[in-house]
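Open the model in your viewer and get your selection tool ready.

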Amino acid sequence: MTRTTWAVLLTLVIAPAGLGLTNEIQEVDPAQYADVARRMVESGDWLHLRDGNGPFYNKPPLTMWLQAAGMLVFGVGELAVRLPGLLFAVLTMVSVFFIGRELGDERRGLAAAALTGGALSMHLMVLDPKVDAALTATTTLAIALMLVGRRRPWLRLAAWAVAGLAVLSKGPLGLGIPVLALLPEVLRASWLPGPSTLARRLWSVWPFGALLTALVAAPFYAAMHQTTGAGGLKYLLWDQGFGRLWGASGYLDDTTPLFFMHTALWAFLPFTPLLLVSLARRLGALVTSRALPGSVPRVALWWLLLVFGVISVSTYKLPQYLYPLTPPAALLAAEELERLDDVLASRWRWCFAGLSLVGVGFVFVVFVWSFPASAGTVAGWGALVALVAAALLTWARRLPPADGLVASAALSLVGVTAFVAGYLQPRLLEFQPSRELGQLVRALEPDTAVLPITFHESPFSAMFYARRDVPYVAPNDVAGVITPGTSRLLLVGPEAGLEQLHELGLGTLELASLPTYPTSRPSGRFLAAATRASAVGPMRLVRVWRADAPPPTASPPAFDAPR
């Protein structure tokens, strides 16, 4: 492929992520990080992080810093929150290209970058903006700089500085990933030109590099120590990282060490089949030769397997913990592509074309089972995804077999990722009504700093969109936050009806009632259109006043929420 063709391919694989940049922000982690960033902008304090519960020390600040910077440019909204994730995805693709070029050649780098951009995991990191996109980009860039730094020593120091940014993205894991990826071959191979001594293998600059990593991360952690003391610092640096290996963080779930094995089957699509073949081939070669000589190109394998092993023993596992391993998985798959002759390449192209057609079926299953739509919407999205599949088949057939296989592998799910970002996620988040309620709250009470909520836990998404604290108030205490003779807005969760507020001596006027569900943890009953009504409850915005005092003289009209 020409450079222009490669540029088109790399643009196409990541372009669907742009369709979801203005989707509503998902409740829990993404909304919490967005709200922390909002408070940075409003307070001007970017070192002492806070959320609605006080000092925030669950995660380091790199993602939130960039989101806050986006808010200064684009205003407080979804674009500012998600754009850093898209930029991190592009940076990851660029870094993967340089790693692939160092481990193989330019073509391998381009193929690996295309596979990385087309991976389902990469698009999910942009759509669901957590800290994993920052961790993926910074650790991949650090590894790229270390590899290129074999010939340019100053780049090794730059790699240590970037590792400091990785520590600011998700704690010590940001340094642990590059170390696990590189150290086995640094110790075993003739890493640098010249006599191969242990000191040279450790690159001689490592004391200065480690100091540089610490200097980059230190200002934030020093400020955090001022706010939270040693306990908060220990929780972030130790419990939230290494502490998760034996449950010291307090987070536990009932997953098994095999959790990430089945997660990888879908997270690394569409190149999962290539990755499995690559790992099987390497295992067969090891069994046959019974030797494992040093080899710098084996960095991608250590990167994948060692980090995979570490996260697999964690006592708390979530799918996104695997996403930062997309780059090494893509590098191994790209290397496997180079081993296929024209006959095998032609057969593999049909495999990925079939995967693209399966994606068309997925679209129609969603329409029929989960989120029915008008005939025009169904036809439009169905035609778009089918057109992508047809274009993939046509383009791949016209390219040489090897080039066609790369294009097929990278683009086979681009129609599906476009559908997820442009239709599925917006429909899902209709049942998280924070954006509509936040707009109404800001219009009705523009000068208040607090919006109490009862019969429901405090949602971070409501804090972000209402741009104020949303503290939980026990039902029996609601009357205590209302000044006699006045009224105030109150969010009422689905666990209660307004009659229960009346029984507590409160007068009410319902302004909005919108369907709500914890969309970050969807159940089959919620996802199925036929049973969704039984799973969904109302989130109400109510104007309340104390019934033992004169009611307010005027109340605003009810709000007809857009849908």
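What volume does the largest cavity have? It comes to about 50 Å³. This is a predicted model, where local features need pLDDT of at least 70, side-chain atom pairs count only at pLDDT 80 or more, and totals for chains, interfaces and linings use all residues. Numbering runs from 1 along each chain as its sequence is written, and side-chain values use heavy atoms, without hydrogens and water.

A cavity here is a set of points, on a 1 Å grid over the protein atoms alone, where a 1.4 Å probe fits but cannot get out; lining residues have an atom within 4 Å of a point. Volume is the space filled by probe spheres set on the points, joined across faces, edges and corners.

Now select Thr63, Gln67, Val81, Pro84, Gly85, Phe88, Met125, Pro129, Lys130, Ala133 and Ala134: they line the largest cavity. Colour them by class and you get seven nonpolar, three polar (Gly counts here) and one charged. Next, show helices H3 (62–74), H4 (78–103) and H7 (132–148), which each supply at least two lining residues; H4 gives the most, with four. Helices are DSSP runs of H or I, at least four residues.

Move on to the second largest pocket, with about 350 Å³ of space. A pocket is an open set with protein on both sides within 12 Å along at least five of seven lines. Zoom in on Arg282, Leu286, Leu292, Arg298 and Leu301, the closest to its centre of the 17 lining residues. Then select H13 (272–289) and H14 (299–312), the elements giving two or more residues to this lining. H13 gives the most, with seven.
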